[in-house]
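Welcome! Take a look at the sequence and the 3D view below, and then we can walk through them together.

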Amino acid sequence: MVNVIDISDADDPRIDDYRNLNSSDRRPDLPGGKGLVIAEGVLVVQRMIASRFAPHSLLGVDRRLQELGSALDAVDVPFYRVPTEVMDECIGFHLNRGVLAAARRAPEPHLDTVLDGARTVAMLEGVNDHENIGSMFRNATGLGIDAVLFGARCADPLYRRAVRVSMGHVLRLPFTHIPEWPAGIDEVRSRGFTVVALTPDPEVPMLTEVLHDRGPTDRVALLVGAEGPGLRKHTMNACDARARIPMAPGTDSLNVATAAAVAFYERLRSMQMADAR
């Protein structure tokens, strides 16, 4: 179990991994800097402990240490117990959640590993908002998505805010980046997936119709694009089908994480209906 170490000085070098969390150029979870993954809050820390991102230390107040309880039996790392004011001074702001954990970034798995056994995956292009990334992972986990594939120009899924908004699910759901984009869509297709691009274009079929055409054993990749501009034209041209979510009059689109959640639900429902036949 963890080794509890009391620290009373915010300048103690042992808690450097948690310093300057609100700094745009010095925060420890920058991919090009320390490249750490920071979990925030009791539930997210618990999910980190159970993930492939093994924490190498924790920082928190005594109350959160007690709330973590038996979850800490699975790790043999230091828990730096600090007063609230020391924690605030170290990280650069007041953290209501009262506990953090730090882990090193694990290597991303190969595409074949991520797709092994998967029936439905999410694909992203240009989704550059960390909160949308986090929301999408939370939605994907709850609605039966097996993996997330990143195309070009997406935000870092392991940024602290994305991890927090995902409720830690970004640490659990398999994901990987496709380096060649949109050419990499062919790699996904070659592994038996039908790639469906989501678009608000009123001329394309509704999502329910497109998914209804998929057989119960078919593998489907649902592709969403950037907030606002959506998917680029040549990206949609590389897909097998385009689909839209029906909208009320006077409304042209949904938030990208919300649109993805609707698509995930429709795919899950279509599979359940097909499997019940």
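Is cysteine 90 buried or exposed? Cysteine 90 is buried, with a relative accessible area of 2%. Please keep in mind that this is a predicted model, and the values below are computed from it.

## Cysteines

Staying with cysteines for a moment, the count of disulfides comes to zero. Cysteine 154, for example, takes part in no disulfide. The cysteine sulfur nearest to that of cysteine 154 belongs to cysteine 239, and it is 14 Å away. A disulfide would need the two sulfur atoms to be within 2.5 Å.

## The whole protein

Let us step back and view the whole chain. The secondary structure comes to ten helices and eleven strands. The C-alpha trace spans about 65 × 35 × 35 Å along its principal axes. A compact globule of 277 residues would have a radius of gyration near 19 Å, and the 21 Å of this protein agrees with that. Of the 277 residues, 53% count as buried. Among contacts with a separation of 6 or more, 77% are between residues 24 or more positions apart.

## The five-stranded sheet

The strands follow the order E1-E4-E3-E5-E2, and their pairing is mixed. Strand E1 (3–6) and strand E2 (36–40) are at the edges with a single partner strand each, so one side of each has no neighbour in the sheet. Neighbouring strands here are turned by 20 degrees against each other on average, direction ignored.

In general, the strands of a sheet pair through backbone hydrogen bonds, either parallel or antiparallel. Which sense do E2 and E5 use? E2 and strand E5 (residues 99–104) pair in the antiparallel sense, over five bridges. In this pairing, leucine 36 stands opposite arginine 104 in E5.

## An enclosed helix

Now find helix H1 (residues 42–49). Six of its eight residues are buried, so H1 is largely enclosed by the rest of the structure. The buried residues are Val42, Val44, Val45, Arg47, Met48 and Ile49. What covers them includes E2, strand E3 (55–60), helix H2 (62–68), E5 and H6.

In soluble globular proteins, nonpolar side chains tend to be buried together. In this model, the largest nonpolar core has 54 residues, and Leu58, Leu72 and Leu124 have the most contacts inside it. Leucine 72 touches Met1, Val2, Ile49, Leu58, Leu65 and Phe79, leaving out residues up to four places away in sequence. A second, separate core has 20 residues, including Val114, Ala147, Trp181 and Phe193.

## A buried alanine

Alanine 197 is found in strand E9 (residues 193–198). Its relative accessible area is 0%, so alanine 197 is buried. Which residues are in contact with alanine 197, leaving aside its neighbours within four places in sequence? They are Leu223, Leu231, Met236, Cys239, Ala241, Arg242 and Ala243. Alanine 197 and leucine 222 are 25 residues apart in sequence and 6.2 Å apart in space, C-alpha to C-alpha.

## Backbone details

Some backbone angles deserve a visit too. The peptide bond from tryptophan 181 to proline 182 is cis, with omega near 5 degrees. Proline 182 is found in the loop between strand E8 (175–177) and helix H7 (184–190). Why does proline 182 count as buried? Its relative accessibility is 17%, and buried means under 20%. Beyond its neighbours within four places in sequence, proline 182 is in contact with His234 and Thr235. Proline 182 and asparagine 128 are 54 residues apart in sequence, with 17 Å between their C-alpha atoms.

Asparagine 20 has phi near 60 degrees, a positive value in a residue other than glycine. Arginine 153 also has a positive phi, near 60 degrees.

Technical notes. Residues numbered from 1 in each chain as written. Predicted model: local features only at pLDDT ≥ 70, side-chain atom pairs only at ≥ 80, totals over all residues. Heavy atoms only, no water. Pairing = 2+ DSSP bridges. Helix = DSSP H or I, 4+ residues; strand = E, 2+ residues; numbered from the N terminus. Axes fitted to C-alpha atoms, helices over the stretch in contact; angles between N-to-C directions. Buried < 20%, exposed > 50% of the residue type's maximum accessible area, 1.4 Å probe, protein only. Contact = heavy atoms within 4.5 Å. Core = buried A, V, L, I, M, F, W, Y, C linked by side-chain atoms within 4.5 Å. Rg over C-alpha atoms; globule rule 2.2 N^0.38 Å.
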